[in-house]
Amino acid sequence: MINMKEVFETNAMVEKENLDVRTITMGISLLDCAGGDVDTVCKKIAEKIKRYAGNLAGTAEGIAREFGIPIVNKRVSVTPIALVGASCCKSPADYLKIALTLDRTASEIGINFLGGFSAIVSKGMTESDRMMIESIPEVLAQTQIICSSVNVGSTKTGINMDAVRLMGHIVKETAVKTADRDSFGCAKLVVLCNAPDDNPFMAGAFHGVTEADAIINVGVSGPGVVKYALEKVHGKSFEVLCETIKKTAFKITRVGQAVAQEASRRLGVPFGIIDLSLAPTPAIGDSVADILQEIGLEKAGAPGTTAALALLNDQVKKGGVMASSYVGGLSGAFIPVSEDQGMIEAAECGALCIEKLEAMTCVCSVGLDMIAIPGDTPDSTISGIIADEAAIGMVNQKTTAVRIIPVIGKGVGDTVEFGGLLGHAPIMPVNRFGCEEFISREGRIPAPIHSFKN
Amino acid sequence: MDKSVITVVGKDTVGIIAKVCTYLAGRQINILDISQTIVQGFFNMMMIVDTSSMDTDFTTLSDELGSLGEEIGVQIKCQKEEIFDMMHRI
């Protein structure tokens, strides 16, 4: 039988160390909603989402109460809308219509975010993909809780540089269209390489075509728990350090597994995966940067940061894999700047720059995330940043992403406040040398040699 | 059997266990195990209970225990045992 020490340990993780389940995300296929008339498609989409996820928020709250573990977000991810809308959308305005339906439906069922206003254009773009992408700035300006993502490359296909060029422009236009809200639209837009089909985290969540009709994916969190555990082994060897991270990751992941199984049972939707992520929040004591400091760095970004992060990321996976029957999604440590108090401080004091963050993305779960840059950054420079990240993902066979916010009207020295889980961030300087000619080339970068494994 | 874990934490005072047990008895909840210690004047108690024949639902139980805690001046939480088993047992 369970003993008192174990019970109090679990409750201390929740009450003092910010343990929570970051999200229960229900993936829903909208492929069967496709058709020739956009209004009919919208109607079918709303009906299907309500049918599957109508009780998602209430069920999650019930589980949170019974287990005593907060479930911070309830989300839905859907089939990439570029696929669903391909046969009925004749213009970006038609895609906007679908987006407004999604936004309204998501609000009605009381979820926090809906992801999947997405296109997968890793190798080429159809006319419909292009229209969908062109609608993104207006969609993000007019909707509240819709998240958008575009996958521009993969290890198998190479990088679609036409899409990379277009996305530099789209990110900027989104910033302009939401300039009155500190270019907040860009916080809901991510450009990916090797995007997973089962990611529960925003803004990159969508329900891939390899998935079943509906599925429950859960993203765990808990950087605070890892940090507190490491404080107890301060100054000990790497062996002790790694063992401690693994054991803690195991416990955190088990919570996710319990919640996921229960949600799956109550909602009658199969369990998909647990995403073993250390997802920080701006709350004090819920920071990945603080873990790096506890490992022994003066600030995140100092020499040694990439090695420390590589170690952390790997031990989280090793500990978490055994705790869950299926793992997937992004799985690893997230390093968003604005969502992590320690990262914000590191950026503010000059310890952390975009180039160091780029190096860190080679060894952690995702990419350049929630980074505010000057609003006058050229489109081609944004495309260049996207291309660099996509190249890291393509060559290293991992997911990478760029969620960058050119804050219109602001420059280096200013700060921007997004609020809530998205936090605040200093505007970080961007390399001022251009890449216009490189980005202007048409076509795609071929897949790397090591992708030919057949 | 439907096991839940009730934890009580707060400043020690007369009658904490009595009040919690009286409430549970009134709700047809059977107590399977009690552990209790006092650490630096702070009362820590854990109960494992069987809620399979209780005459209410889990939400009400949890709310009522919360209010009882406020009356006594302690924090009372009620959670399904599963979450602890998952975390601490392979």
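Start by colouring chain A by domain: the assignment, which comes from an automatic or database source, gives domain 1 (20-193) and domain 2 (220-451). What you have open is a predicted model, where local features need pLDDT of at least 70, side-chain atom pairs count only at pLDDT 80 or more, and totals for chains, interfaces and linings use all residues. Residues are numbered from 1 along each chain as its sequence is written, with chains lettered from A and ligands numbered from 1 in the order in which they are written.

**Between the domains**

The C-alpha centres of domain 1 and domain 2 of chain A lie 22 Å apart. Their contact takes 47 residues from domain 1 of chain A and 52 residues from domain 2 of chain A, where contact means C-beta atoms, placed from the backbone, within 7 Å. Now select helix H7 (161-177) of chain A: H7(A) gives the most to the domain 1 side, with 11 residues. (Helices, H or I of at least four residues, and strands, E of at least two, are DSSP runs numbered from the N terminus.) By class, that domain 1 side has 27 nonpolar, 12 polar and eight charged residues; Ala, Val, Leu, Ile, Met, Phe, Trp, Tyr, Cys and Pro count as nonpolar, Asp, Glu, Lys and Arg as charged, and the others, Gly among them, as polar.

**A helix pair in chain A**

Next, select 288-295 and 305-321 of chain A, which are helices H10 and H11. They pack at about 105° with axes 10 Å apart; axes are lines fitted to C-alpha atoms over the stretch in contact, and angles run from 0 to 180 degrees between N-to-C directions. H10(A) is therefore roughly perpendicular to H11(A), a term for 65 to 115 degrees. Show side chains for Ile291(A), Leu292(A) and Ile295(A), which meet Thr305(A), Ala308(A), Leu309(A) and Leu312(A).

**Across to chain B**

Bring in chain B: 18 residues of chain A are in contact with 21 residues of chain B. On the chain A side, pick out helices H1 (4-15), H3 (56-67) and H9 (238-267), which each give two or more residues. H1(A) gives the most, with six residues.

Finally, hide chain A. Chain B has three helices and four strands, in the order β-α-β-β-α-β-α from the N terminus. Its C-alpha atoms fill a box of roughly 35 × 35 × 20 Å along the principal axes. Among contacts in chain B with a separation of 6 or more, 68% join residues 24 or more positions apart.

Conventions
Two residues are in contact if their C-beta atoms, placed from the backbone, lie within 7 Å. Angles under 35 degrees count as roughly parallel, over 145 as roughly antiparallel, 65 to 115 as roughly perpendicular and the rest as oblique.
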